[in-house]
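Open the structure in your viewer and keep the selection tool ready. This tour goes stop by stop: what to select, then what to look for.

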Amino acid sequence: MTEQKTRHVPNYKLRFILLIAAALLCVLFSFAVGRFPVSLSDVIMVFATEIFKLDITWDFATWSTVINIRLPRILAAFFVGAALATAGAAYQGMFQNPLVSPDILGASSGAGFGAALAIFMNLGPVWITAFAFAGAVICVGAAYVVSRLTKGSATLSMVLAGILVSSLFTAMTSFLKTVADTEDQLPEITYWLMGSLAGADMSDVIFAGVLITAGIIPIFLLRWRMNVLTLGEDEAKSMGLNPHRLRLVVVACATLITAAAVSISGIIGWIGLVIPHFCRMIFGCDYRRIIPAAIIMGGAFLLVVDDIARCMATTEVPIGILTAFVGAPIFAYLLMAGGKRS
Amino acid sequence: MKTLDIQNVSFAYSKKGPQVLKDVSFSTDEGDLIAILGPNGVGKSTLFKCMLGFMKKYEGRILLNGDDISGMSHKQIAKRIAYIPQSTHPVFNFEVLDVVMMGLTSQLSVMSSPKQEHIDEAREALASLGIAHLEHAGYGEISGGERQLVLIARALVQKSKILIMDEPTANLDYGNQFRVMQRVAGLAKNGYTIILSTHNPDHAFIYANRVVMMYGGKVIADGTPDEVLDAELIRKVYGVEVMVNNFENTCRTHKLCVPKDTEF
């Protein structure tokens, strides 16, 4: 009953407005930056003309850069970032563990194997995406089945089964790398595993966008119930929640959006772990705020990292490397700051 | 009608394993505050898990206002029984008000979140327990006694008339133990049925109107504390020599229990 416990209540509405404004600025600037410079006013005019059918005041190269090249890539980066951050937040709540990331159940390893297999079979980009998606879903499905067949705590056995199945898929990917053609297949597999949005086109965006939206909607609607399950299974049951059903639905949706994301981007680490922590620092632990915050912040964050990947060097830097470069130090800082607080 | 009626319940964690509960029977009325005593590992928590519907594979019957709980969903049970666990440190540091509102789970539809009226309800529950000032504090940052009161507030919001409390005074300092127990006794006066486990016979003497003593998975004594709890029973169950004597409190006389002096 001391004074320090009556703490200042943050203005979450203002914080959300600032976050949305920052995200919109990121989107706008992402159209302007790149090899081919486009001024901000041109970016705005191109969209104004597309919408309001104004007179054309720029050259075709500008239009093509903004609409054909940057728009799909920006959408892809935003969808993938939003998906990974939301899935990370959802998994962390469902497993009552803030150190869980979206690939905990093997989604990334499964996607990696699927993509490597498609490349090994000399299939086209559409098949690589399809195989990666199928690989992720199969891997998580296998982990779920294994966990149901073991005894003991549901969350622990799921995490252990995830580790088990994902190491199996990683081993299969390594095997494919050793037998793959070293001239073109091996580099392609290696690059895919490092993650990149360079190849993302409009068909990828539509494929992933539809699946990611479909998976995020149930998570968004169930977000308050997710709070209750973070207290643990027995407490959740005593308040009238069916923990198995909620966990199954949320994990299935989180897996769907992770699989859709990695299937077009390759493996991008750290976002699913770091962004939910950032959201908690700014918006508290309530999932009613964490889920919308993770969608916006995850999308904007990956967009900025992808801008850096595009502009940093003459050749593109794989985005998975950059997220680790940026994510690991941020996470170290968060851990130290969190340690001081408690 | 009995609020809770436990009839010949036996339970074993595995088919060939030892029976943790052996033919346990007792029942409760509205306004009862029942203290369940017994040494560690005697099956108190297991009994609670059966009563709350966490464990389904027991023998015997558990009736809730006359209805068998074996066919009820978690939601149906939660509307009639609230569980107040031992307060542990949470994984995520929710605001106190958010923790209290979690008690609304059984009243809200699956896809909905609490509205303003629910926030007011949660505030009222906090105020009724004298901790309104904690509403925006972090649940992980308040003291153990305050956390226990927050969990009680959450149970009040749940609007279930039967409260099951697992050692509500464990890990609390001397003052908080009595602050929490006084609130609990107040709830029983207001018509709640309260079943709690405790290791302190004095809490039973001061606050409970009935004691159920468990030993070896069985109920070996059931009655008012003054009748049932004597030196012999405590020696049998806990293996210590005690004196049980009358104590003149301000409004009434009740018994208390102290260890016997021995040669050191």
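Predicted model: local features only at pLDDT ≥ 70, side-chain atom pairs only at ≥ 80, totals over all residues.

**Stop 1: where the two chains meet**

Now colour the side of chain A that touches chain B. The elements giving two or more residues to it are helix 3, helix 9 (223–229), helix 10 (233–238) and helix 13 (287–311) of chain A. Select the whole contact next. Chain A puts in 33 residues, and chain B puts in 38 residues. Together the two chains bury about 3,300 Å² between them. Carbon and sulfur atoms account for 63% of that area.

**Stop 2: a salt bridge across the interface**

How many salt bridges cross the interface of chain A and chain B? There are two. The whole structure, over all chains, has 15 salt bridges. Select Arg154(B) and Glu235(A). Arg154(B) lies in helix 5 (residues 144–157) of chain B and Glu235(A) lies in helix 10 of chain A, so this pair joins two chains. Their side chains meet in a salt bridge, at 2.9 Å from N to O. Side chains of opposite charge can pair when their charged atoms come close.

Are these two partners buried or exposed? Arg154(B) has 2% relative accessibility and counts as buried. Glu235(A), at 13%, counts as buried too. The cut-off for buried is under 20% relative accessible area.

**Stop 3: salt bridges within one chain**

Move to chain B and select Arg80(B) and Asp67(B). Their side chains form a salt bridge, 3.0 Å from N to O. Arg80(B) sits in the loop between helix 2 (74–78) and strand 6 (81–84) of chain B, while Asp67(B) sits in strand 5 (residues 67–68) of chain B, so the pair ties together parts 13 residues apart in sequence. Arg80(B) is partly exposed, at 26% relative accessibility. Asp67(B) is also partly exposed, at 35%.

Stay in chain B and select Arg235(B) with Glu241(B). Here the side chains meet in a salt bridge at 3.1 Å, N to O. Arg235(B) is partly exposed, with 39% relative accessibility. Glu241(B) is partly exposed as well, with a relative accessible area of 37%.

Switch to chain A for a group of three. Select Arg73(A), Asp306(A) and Glu316(A): a network of salt bridges links them.

**Stop 4: the nonpolar cores**

Which residues touch the most other members of the largest nonpolar core? Select Tyr91(A), Phe95(A), Leu33(B), Ile152(B) and Ile194(B). This core has 168 residues. Helix 3 (residues 60–94) of chain A gives the most to this core, with 16 residues.

Zoom in on Phe95(A). Leaving out residues up to four places away in sequence, Phe95(A) touches Val100(A), Ile104(A), Leu105(A), Thr155(A), Met158(A), Val159(A) and Val251(A). A second, separate core has 30 residues, among them Ile6(B), Phe11(B), Leu64(B) and Ile77(B).

**Stop 5: one side of a helix**

Select helix 7 (residues 185–194) of chain A. Its buried residues are Gln185(A), Ile189(A) and Trp192(A). They span an arc of only 65° around the axis, which puts them on the same side of helix 7 of chain A. An α-helix has 3.6 residues a turn, so residues three or four places apart point the same way.

What do the buried residues of helix 7 of chain A pack against? Show helix 4 (107–120), helix 5 (125–149), helix 6 (154–179) and helix 11 (243–265) of chain A. Then step past the end of helix 7 of chain A to Gly195(A), whose phi is positive, near 85°.

**Stop 6: two single residues**

Select His118(B), in helix 4 (residues 116–128) of chain B. His118(B) is buried, with a relative accessible area of 10%. Its side chain reaches the backbone nitrogen of Lys115(B) at 2.8 Å. Beyond neighbours within four places in sequence, His118(B) is in contact with Met101(B), Leu104(B) and Leu108(B).

Finish with Leu24(A), in helix 1 (residues 12–32) of chain A. Leu24(A) is exposed, at 58% relative accessible area.

Terms used. Residues numbered from 1 in each chain as written. Chains lettered and ligands numbered in written order. Heavy atoms only, no water. Buried < 20%, exposed > 50% of the residue type's maximum accessible area, 1.4 Å probe, protein only. Helix = DSSP H or I, 4+ residues; strand = E, 2+ residues; numbered from the N terminus. Arc of directions from axis to C-beta. Contact = heavy atoms within 4.5 Å. Core = buried A, V, L, I, M, F, W, Y, C linked by side-chain atoms within 4.5 Å. Buried area = accessible area lost by both parts, 1.4 Å probe. Salt bridge = Lys/Arg side-chain N within 4 Å of Asp/Glu carboxyl O. Polar contact = N/O pair within 3.5 Å; in protein donor to acceptor, adjacent residues only side chain to side chain.
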